[in-house]
Amino acid sequence: MKNNYYQPSRKFSPISLLYFAALSIIGLPLLALIYSYCIWYIPFVYINLFITIGFGIGTGIIIRSLAIKIGKVRNPTIGFLLGIIGGCIALYFNWAIWVDLAINSGESYGNSRIGITVSNIKFLQVFSLIAQPGVLLELIKEIGEYGTWGIRGTTVSGVFLYIIWTIEALIVIGLSASLPWQKAGEPFCELSNQWYPEKELPALTKIEDKEQFVADLEQKITPEALSNLSKIENIEKQSHSIFTLHTSDQGPNYLSVKNKTATTNKKGEIKFESDTIVEYITISKAMIQLLEAK
């Protein structure tokens with residue numbers, strides 16, 4: 001029943017490509033500069049993993065926020081491709097900056113287990129590396145052969161280092177592509193030429209029969225489960241459901257619902273597992289009024 005769900009128009013504004021070009025020249029190089037220095041000066045592998053994840057998310061966020069959101073891209077495929085290209089561009093700038101840090105490395109401090117090497121980039125040299133991808137690739141291969149860092153006193157190089165670099169690239173590109181792709185698939189009103197505003201309602205009790213709930217919505221029947229739902233006051237300790245409305249005066253209205261199931265870990269801490277029940281399904285104004293009354 002695809003007709004019951006929001007379907008992106010697959011349109012996009014050409015100005016989104018100009019926004020993306022501006023990001024590629026200004027935003028992504030700045031993000032790569034910050035990331036390169038963090039990776040160079042923080043000698044903890046596990047922390048660097050989270051920094052890499054942050055780099056990928058940051059790349060995805062700025063592409064999502066400017067090129068997709070402001071550029072009004074309603075085509076998930078284009079959003080995905082811009083995310084991939086943006087991730088590759090960010091990584092390319094990162095490599096040019098990081099290689100330049102390696103070239104200009106100076107004094108090292110620490111011991112055989114942990115330490116840092118002081119370095120700073122030379123901007124003209126970085127620009128030269130960016131303009132000469134062949135030279136940059138040769139330097140990367142040379143660094144890969146000998147390595148510049150180690151784990152527990154052992155220098156990481158060769159195949160193992162290439163595997164780590166590959167994982168890094170997959171993380172960054174994967175995250176940078178997923179966020180723009182997701183945004184491009186969110187409800188957009190073609191009549192008003194605006195993204196639908198989101199309104200998250202106060203938490204209600206957990207929906208137990210998810211299949212029947214969705215079936216009723218698809219048949220445009222008021223779900224019987226709604227009569228048993230009530231407002232949850234202590235959402236930090238109880239399982240609950242979250243209803244998000246996407247409404248417009250000039251177009252259809254949509255609803256997204258997810259369950260948040262409370263679980264207790266070994267430390268006695270309460271964590272929530274999120275389960276999307278339905279996303280962007282068409283609902284009537286009467287249904288909206290009923291939910292808001294809850």
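These are my notebook entries on a predicted model of a protein.

**Confidence.** I looked up the pLDDT values first. The mean for the protein is 90, and 93% of its residues reach 70 or more. I noted a caution here: where pLDDT is low, the predicted coordinates should not be read in detail.

**Fold and extent.** I find eight helices and 10 strands in the protein. The radius of gyration is 24 Å, well over the 19 Å that the globule rule gives for 294 residues, so the protein is more spread out than a compact globule. I also looked up the span of the C-alpha trace. Along the principal axes it is about 70 × 50 × 30 Å.

Residues 24 or more positions apart account for 69% of them. Buried residues make up 37% of the 294 residues.

**Surface and charge.** The accessible surface comes to about 16600 Å². Carbon and sulfur atoms hold 60% of that surface. I looked up the charges next: 25 are positive and 24 are negative. Their mean positions are 2 Å apart.

I placed Leu-18 in helix H1, which runs over residues 15–41. Is Leu-18 buried or exposed? Its relative accessibility is 60%, and the cut-off for exposed is over 50%, so Leu-18 counts as exposed. I also checked Leu-18 against Ser-105, 87 residues apart along the chain. Their C-alpha atoms are separated by 37 Å.

Key
Residues are numbered from 1 along each chain as its sequence is written. This is a predicted model: local features need pLDDT of at least 70, side-chain atom pairs count only at pLDDT 80 or more; totals for chains, interfaces and linings use all residues. Side-chain values use heavy atoms; hydrogens and water are left out. Helices (H or I, at least four residues) and strands (E, at least two) are DSSP runs, numbered from the N terminus. Buried means under 20% relative accessible area, exposed over 50%, partly exposed in between (1.4 Å probe, protein chains only). pLDDT is the predictor's confidence in each residue, from 0 to 100. The radius of gyration is taken over C-alpha atoms; the globule rule is 2.2 Å times the number of residues to the power 0.38. Contact means heavy atoms within 4.5 Å. Accessible areas come from the Shrake-Rupley method with a 1.4 Å probe; for residues, only the protein chains shown count as cover. Lys and Arg count as positive and Asp and Glu as negative; His and the chain ends are not counted. The place of a charge is taken as NZ of Lys, CZ of Arg, CG of Asp or CD of Glu.
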